[in-house]
Amino acid sequence: MNTWNVRIGINPLSWMNDDLPALGGDTPLETALQEGAEIGYAGFELGNKFPKEPAALKAKLAQYGLACVSGWYSGQLAEDTVDHEIERCATHMEKLRFNGCRVVVYGEVAGSIQGRMDTPLAKRPRFADDAQWKAYAQRLNAFGEHLKAQYGITLAYHHHMGAYVESPQDVDRLMALTAPDCVSLLFDTGHAYFGGAGNPVELLQKHASRVAHVHCKDVRADVIRQARNNGWSFLDGVLNGTFTVPGDGALDYDTLLGTLHASGYEGWLVVEAEQDPAVAPSYAYAKKGYETLRRIVDRIDAANAQPIAMQQGAR
């Protein structure tokens, strides 16, 4: 049977939130790891409660039979130099490399308003002209080239609400200006929709060949409509439920995953949904996200196996 080479992981945001520590702040890391493993997840992305030392991190995950999926890296290349970034990233990248990670989640935080409760998303940073865009792309290329050469890690660029690269047009521009062998795309289904892709499948189809990592979050379309109309901040949106897990919102995950499979994507499918655990209980929602992705991946595998079975039966 020709199975699709993907693994289903999860981000600890379902249990605890780094940007809003009050959400799940008292939940021990061990609770998340135990529940995630019990549900069936193969690995976790990192968060602030994970051990910082590489060997300690590996040992902690091994206790639960989990892999280290990847980790967010707060990049500042929009407003800083490649040399500074190379120096800043060393400890984090070495930790990822030691733990077998193939990609890093590059999130641009320079100028970002994603962590500011009182700042509407409309006030996000933007590059002033083509020259700034091109210079940014050159710095990303150089940094991505360094990560591959030094650590064997691929830069997966996370388009994100409240940051320089948010909208589908921003993603198009970034992909056009960067080199495919230096900069890959982290496709985030929820941020794609919130950022303006009414049908994230269309954006995915455009850039599927560049995708090196996938964040699977669903959206509550009516809440996102409110967020836009009322000028909410990103964190206001999170608290009011803009995001949820796959299978609980408006996105068509059958078509999204089918598009990824058809493009030849291999790697992690990561459930990531910033929610208040008091409103969206961690275990129940993490389980729903896992079961949604598992069902679709199994269906894709079964569909691939059918022609082989029919050929064998015809002999």
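**View 1. Strand β7 pairs with strand β8 (residues 211–216) in the parallel sense, and four bridges link the two.** In this predicted model, local features need pLDDT of at least 70 and side-chain atom pairs count only at pLDDT 80 or more, whereas totals for chains, interfaces and linings use all residues. Residues are numbered from 1 along each chain as its sequence is written, and side-chain values use heavy atoms, with hydrogens and water left out. Strands here are DSSP runs of E with at least two residues, helices are runs of H or I with at least four, and both are numbered from the N terminus; two strands pair if DSSP finds at least two bridges between them. Opposite D188 stands H215 in β8.

**View 2. Strand β6 (residues 154–158) runs parallel to strand β7 (residues 183–188), joined to it by four bridges.** A156 stands opposite S184 in β7, while H158 has L186 of β7 as its bridge partner. Between β6 and β7 the chain passes through helix α5 (residues 168–177), and this β-α-β crossover is right-handed, meaning that, with the strands pointing away from the viewer, the path from the first strand over the helix to the second runs clockwise.

**View 3. Strand β7 is largely enclosed by the rest of the structure, because six of its six residues are buried.** Buried means under 20% relative accessible area, calculated with a 1.4 Å probe on protein chains only. V183, L185 and F187 point one way from β7, and S184, L186 and D188 point the other way.

**View 4. Nine strands form an open sheet with parallel pairing, in the order β3-β2-β1-β11-β8-β7-β6-β5-β4.** The edge strands, β3 (67–68) and β4 (72–75), each pair on one side only.

Key:
Buried means under 20% relative accessible area, exposed over 50%, partly exposed in between (1.4 Å probe, protein chains only).
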